[in-house]
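Welcome! Please take a moment to look over the structure below before reading on.

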Amino acid sequence: MSRGDHDADRRRLLRAGAIAGVGAGIGAGAGVLGAGAVRTREDALGRTAAGSAADAEAAPTALIGEETIPFHGTHQAGIATPAPAHAVFLGLDLRPETDRDAVLRMLRVLTDDAARLTAGTAPLADTEPELAAAPARLTVTVGFGPGLLQRAGREAPAWLAPLPAFAIDALRPELGDGDLMLQVGAEDPLALAHAARMLLKGLRGAATVRWRQQGFRRAHGTVRPGTTMRNLFGQVDGTANPQPGTPAFDRAVWIPEGPFAGGTSLVLRRIRMDVDTWDELDRTGREEAMGRRLADGAPLTGGGEHDAPDFAARTENGFPVIAEFSHVRRARGVDAADGGQVIFRRAYNYDVAPDPGGAEISESGLIFASYQADPRAQFLPIQERLAELDLLNQWTTPIGSAVFAIPPGAAEGEMLGQSVLE
Amino acid sequence: MTASVPARRPVLLALGLLGLAACTGPDDSDPTPAPGSAASDGGGAADSSGAGSAPADAPIAVADAWVKAAESGMTAAFATLTSTADAPMRLVGARSEAAPTIQLHETASDGSGGMSMQEKEGGFEIPAGGTLVLEPGGDHIMLLDLAEPLLAGDAVEIVLLFEDGAEVPCTAQIRDFAGAQEEYASDMDGMGDMEGMGGASDGGGEHAGHEGMGR
């Protein structure tokens, strides 16, 4: 009895703290939860960072768990915002009976839950509100498949369809497509797991989980912010990306007009990387396949990571320094009439259990998330060239594929997808 | 009272997107606003009413009001009520078009490891400047003999009634929820469906009953 009363009192205290001020709620809640532990840790972090003058600018002034990324805005978060260490991509199928009204109800719940979770506030009906208190830069990004638009009685963009089949593909249906996509990212895997579960609890009356793909990058604080990620082949991955906040990025990524204006498209490819056969390739071969140095991602023609490759440069023997079969050359379309497309890739690594009983010790790869205003004009030509010739194809196999339309961001009081569905 | 939930849905759509607080504002004390009265303002109405203010004559702020989705029968509503009064306030009842009968319930251990709920005689006191949390497994508002299915993603208007005559309207968001399955005390009358609170809404029809998932 007394134990129950105590717990109830504590819950009330927590709620009261959260209500005291919208902005201060997170901090107040955290303080009540474990004031001593949180404070000690904060101090320890602060001292550690201050002691190492190497990176004084990055000295933490607050716990990463308390940091939030705004949910509301012109664009959905989770695309132009820095990619956090952890992400989960969820593909859902609408239940057969989910009609237009049910789609709208579902999206209202989803919008409200996402807005609260990303602010570090427990959604309504959250049975584990403590897990929502430290969002750790949580973002929730929602995409529509053609099925959702059809169910809602709205025309889908012409590009919103599965990609054409490529000879390199070995697609597994259970890893692709879907009516609804959630991309949830956070610096903390526990915050991420809770958010994903809460969002799914709000959705399950209207949809079922088709696939779930969990991915990771470096843990927060491991490398300097802005460092290009590395994949499990050890390659610097994503050097050619346009930089968020630049006109080049805006042109490449955001849809300029129509119901999806301010939105974008997501091409999500699960690319299996055969790390076991990759092991057989020596360092020179690996760099030639890529066209870049492994050490720093610089083109084989020299300079730094972000210096332009010199595709005309030749070796003493007259061969291109950046080989014709290399990934960077094929992706850029240097030798093609229709080259020069720009996409924004925001990939995550995956490393899961290999098939039981098999000889392989790894099942690894890349959750290749590519955002672009028009996948047919931007993504498809690149993919076609790579499918035709790219030495990396020897060690990589697309096993999942999906295309989603990402509606623009929601203003406060709006529902995600409102401009598309209303 | 004739239920008009479908007609109100356009209104509720806008209200359903409130941020943190679901209480209506001082100028929106009519518990059954005409369709369009709130929706016409779009986000602006939501923003102003989302501030958690209350009518000047009822110093009670309602936050995070929500109702467990149910197809029929009964369900429960929850919220956090914060008083700015300098004297205790007593919540003695509620009314809503969603249900003809509404009771205030408390939850207590039934002495055999379970929890049972029963009507709370005299309602709930909110101390001066204090907070009352209505939550699953604790004090809550029971909606009986639901007029229509309450579907997750919609919302219902509930007017909270206080002992001093004050009325505080609020908008409660409907959410699917697996919990709040306490047994009812055996001496309860008029509880209708004794199977437990209604089936969860699915937003469109039948689905694999997540109500039944073992917890």
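Predicted model: local features only at pLDDT ≥ 70, side-chain atom pairs only at ≥ 80, totals over all residues.

Residues are numbered from 1 along each chain as its sequence is written, while chains are lettered from A and ligands numbered from 1 in the order in which they are written.

**Chain A as a whole**

- Chain A holds 11 helices and nine strands; helices (H or I, at least four residues) and strands (E, at least two) are DSSP runs, numbered from the N terminus.
- Of its 422 residues, 46% are buried. A residue is called buried if 20 or more other C-beta atoms lie within 10 Å of its own, exposed if 12 or fewer do, and partly exposed in between, with C-beta atoms placed from the backbone.
- Take the contacts in chain A between residues at least 6 apart in sequence: 74% of them join residues at least 24 apart. Two residues are in contact if their C-beta atoms, placed from the backbone, lie within 7 Å.

**Domains recorded for chain A**

- An unreviewed UniProt entry places the "Dyp-type peroxidase N-terminal" domain at residues 76-217 of chain A. UniProt positions follow the numbering used here, feature names are shortened, and annotations may be inferred rather than shown by experiment.
- That span, residues 76-217 of chain A, is 28% helix and 23% strand, and its end C-alpha atoms lie 21 Å apart.
- The UniProt annotation "Dyp-type peroxidase C-terminal", also a domain from an unreviewed entry, covers residues 229-410 of chain A.
- Residues 229-410 of chain A are 19% helix and 21% strand, with end C-alpha atoms 29 Å apart.

**A strand to find: β1 of chain A**

- How many residues of strand β1 (residues 86-94) of chain A are buried? Eight of the nine are, so to speak, mostly covered.
- β1(A) pairs in the antiparallel sense with strand β4 (residues 207-216) of chain A over nine bridges; strands pair if DSSP finds at least two bridges between them.
- Within this pairing, A:Gly91 has A:Trp211 in β4(A) as its bridge partner.
- β1(A) also pairs with strand β3 (residues 180-186) of chain A, again antiparallel, over seven bridges.
- Here A:Ala87 stands opposite A:Gly185 in β3(A).

**Chain B**

- Chain B has two helices and 11 strands, and from the N terminus on, its elements run α-α-β-β-β-β-β-β-β-β-β-β-β.
- Of the 215 residues in chain B, 47% count as buried.
- Among chain B contacts between residues at least 6 apart in sequence, 75% join residues at least 24 apart.
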